[in-house]
Amino acid sequence: MTLNTLQYRYPGARPFTPEQQHLFFGRSKAVRELYALLQMEQLIVLYAKSGLGKSSLLNAGIVPQIERDGKLTPLNIRFNAWTEGKTETPAQITRDSLLSDYDQSNFLPKIFPDDRSLWFAAKTRQINENQSDRGIFLIFDQFEELFTYPEEQIQQFGRQFAELLQAAVPQRVRRMAELFIRAQPDLLTESEDDLLERRLNIRIVCAIRSDRMSLLDKLTPFVPQILANRYELQALAREEARAAIEEPAQKPDQYISPPFVYTPAALDTMLNYLTKSNSQPIESFQLQILCQSVEQQVLRTRDTQVDQSDVGDPEQVFRNYYDTQIAQIEDPSEQLSARRLIEEGLVYEKEQRRLTLFDVQILDNYSIREDLLRRLVDTHLLRAEPNLRGGYTYELSHDTLVAPVLKAKSKRLEAERIVAEEEAYAQREGELNAERRKRKRASQLAIAGFALSGLSIAALVFAVIQTISVQNAKDLAEQSQKETQIALTNLKREQADKQGLQLENLVQDAQVYERAELWSLALRTMQEARKIDSTNGMINQKIKQYEVQSKK
């Protein structure tokens, strides 16, 4: 395994990929049951609550098994939600996936010169794979996205989807072929005629959220059997979660961290937190974030036994997760926009629960570009769900993040308050200075007038009183400035402590990579440290050393 292919033992919040099949544990029962169902049935609906791991089950469990058997070619298809102006239809997206990288020069266009159906695309693929006789395994992940498209496009897909599932050649195809062959008896060779009549070997899984299952009723006029074969993915049981935690850590293959083991106390701490003392099922999102934190700890210490102290406080892990992901947004204005969206728009502070916003609300009200919104989804801070009227709705990815988000909001608002007070003080100081100059001039004129014209002493007394008032206002302003300065100093000290801890962790990580001779990783990590302290001689010296080693 080369340096560039080194990977973590836990993927974190992202779904598993086929390449991570060797790290996918805890789902052996689900893989076995779903694969057995696939051997018997042509169409299966896989459903579960959001976040329980449908994509991971298919990617790292079912697809590798399909590929090992060699009887089917897996194709993973995503429609993505419909948006205004989108021209691709679900049928076209599926057709393009079926025909990707396939030569379409065969006898079919002689009979169906303008056919753009899914059956035509699947038949073209079958003809191209005539020698291998491999079938097709279609995976429609997040199938609920289909129902965000206009009604006529859903119906078009339903009609063509039904043709894919027919055992024999569709009647419209057979009639068209008979007309052409009657006009040109020698149009097809005997082998071509056999290929035309051969049944499609196709298996299909439609993965959909449990709360969107009712949408499948829109396809029942075309595919009445769509709900006949269903498989529900349950949350991880405690023993399944134990395997998902322990097994990847013990893999002997080369990963970015060394193999390590958990003590019984460490495992109990993690499992008790994940199940809330056996009162709730385990969600893959929480398990992966917690395990990823443990692996980072192993990388820092190189200690191959994880005990309870290495697990630490799981609540703190999730607080750090939000702060870390937000800190990776380098542009200050983008980071502030992301914070305001999440901390003010997607969490209801009074009840400490998540809220949902439409994409148009976010783009209009929070000055967030679409690419930043995608990055927030990619880091799994946010979850995007297709909206039946088109586009997506967004929410915080998990309830666990609500408390960390509210804490970060409190700190941000305090910092913004201090900045606002400083600006207000500067404005007041400017106004007071202008008032002092004005009153000083008035006093001078009053005194001069008294001396020259012998006016009443009352004018002089008035000038003195005004001077005293100005001095009192100055004293109050100076006191306010001192209080503001103390608060600002405390905030800066807190920020400096946080940066110091971050710097220390980065330097330690780089030294871990250095000992493992992972020079490129050590270089990138130390360069991140230099962003925090560019004057540190040791950091700059290490960067030069790692640059030399990386080029060898």
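Colleague: How much of the protein chain counts as buried?
Modeller: Of the 552 residues of the protein chain, 45% count as buried, where buried means under 20% relative accessible area, exposed over 50% and partly exposed in between, with a 1.4 Å probe and protein chains only. This is a predicted model, in which local features need pLDDT of at least 70 and side-chain atom pairs count only at pLDDT 80 or more, while totals for chains, interfaces and linings use all residues. Residues are numbered from 1 along each chain as its sequence is written, and side-chain values use heavy atoms, with hydrogens and water left out.

Colleague: And how many helices and strands are there?
Modeller: The protein chain has 20 helices and twelve strands, taken as DSSP runs (H or I of at least four residues for helices, E of at least two for strands) and numbered from the N terminus.

Colleague: Which residues touch the most other members in the largest nonpolar core?
Modeller: Those are Ile-245, Tyr-262, Leu-287, Leu-341, Ile-342 and Leu-376, in a core of 54 residues; a nonpolar core is a set of buried Ala, Val, Leu, Ile, Met, Phe, Trp, Tyr and Cys residues joined through side-chain atoms within 4.5 Å. Helix H11 (residues 284-301) gives the most to this core, with seven residues.

Colleague: What does Ile-342 touch?
Modeller: Leaving out residues up to four places away in sequence, Ile-342 touches Tyr-322, Ile-326, Val-347, Leu-376, Leu-381, Leu-382, Leu-396 and Val-405, a contact being heavy atoms within 4.5 Å. There is also a second, separate core of 51 residues, which includes Leu-98, Val-169, Leu-196 and Leu-219.

Colleague: Switching to H10, what span should its twelve residues have?
Modeller: At 1.5 Å a residue, helix H10 (residues 264-275) should span 16 Å, and its end C-alpha atoms are 16 Å apart, which agrees; the expected span is 1.5 Å times one less than the number of residues. Just after H10, Lys-276 takes a positive phi of about 50°.

Colleague: What do the buried residues of H10 pack against?
Modeller: Those residues, among them Ala-266, Leu-267, Met-270 and Leu-274, pack against helix H9 (238-250), strand S6 (261-262), H11, strand S7 (305-306), helix H12 (308-311) and helix H13 (314-327).

Colleague: Now S1, is it covered on one face or both?
Modeller: Both faces of S1 are covered, with Leu-43, Val-45 and Tyr-47 buried on one side and Ile-44, Leu-46 and Ala-48 buried on the other.

Colleague: Which strands does S1 pair with?
Modeller: Six bridges join S1 to strand S4 (residues 202-209) in a parallel arrangement, and three bridges join S1 to strand S5 (residues 230-232), also in the parallel sense; two strands pair if DSSP finds at least two bridges between them. The bridge partner of Leu-46 is Ala-207 in S4 and Tyr-231 in S5.

Colleague: Last topic, how many aromatic pairs are there?
Modeller: The count comes to 14 aromatic pairs, where rings of Phe, Tyr and Trp (its six-membered ring) pair if their centres lie within 6.5 Å, and planes under 30 degrees apart count as stacked, over 60 as edge-to-face and the rest as tilted. The rings of Phe-285 and Tyr-321 have their centres 6.4 Å apart and their planes at 90°, so that pair is edge-to-face. Phe-285 lies in helix H11 and Tyr-321 in helix H13, so the pair ties together parts that are 36 residues apart in sequence.

Colleague: Are Phe-285 and Tyr-321 buried or exposed?
Modeller: Both Phe-285 and Tyr-321 are buried.
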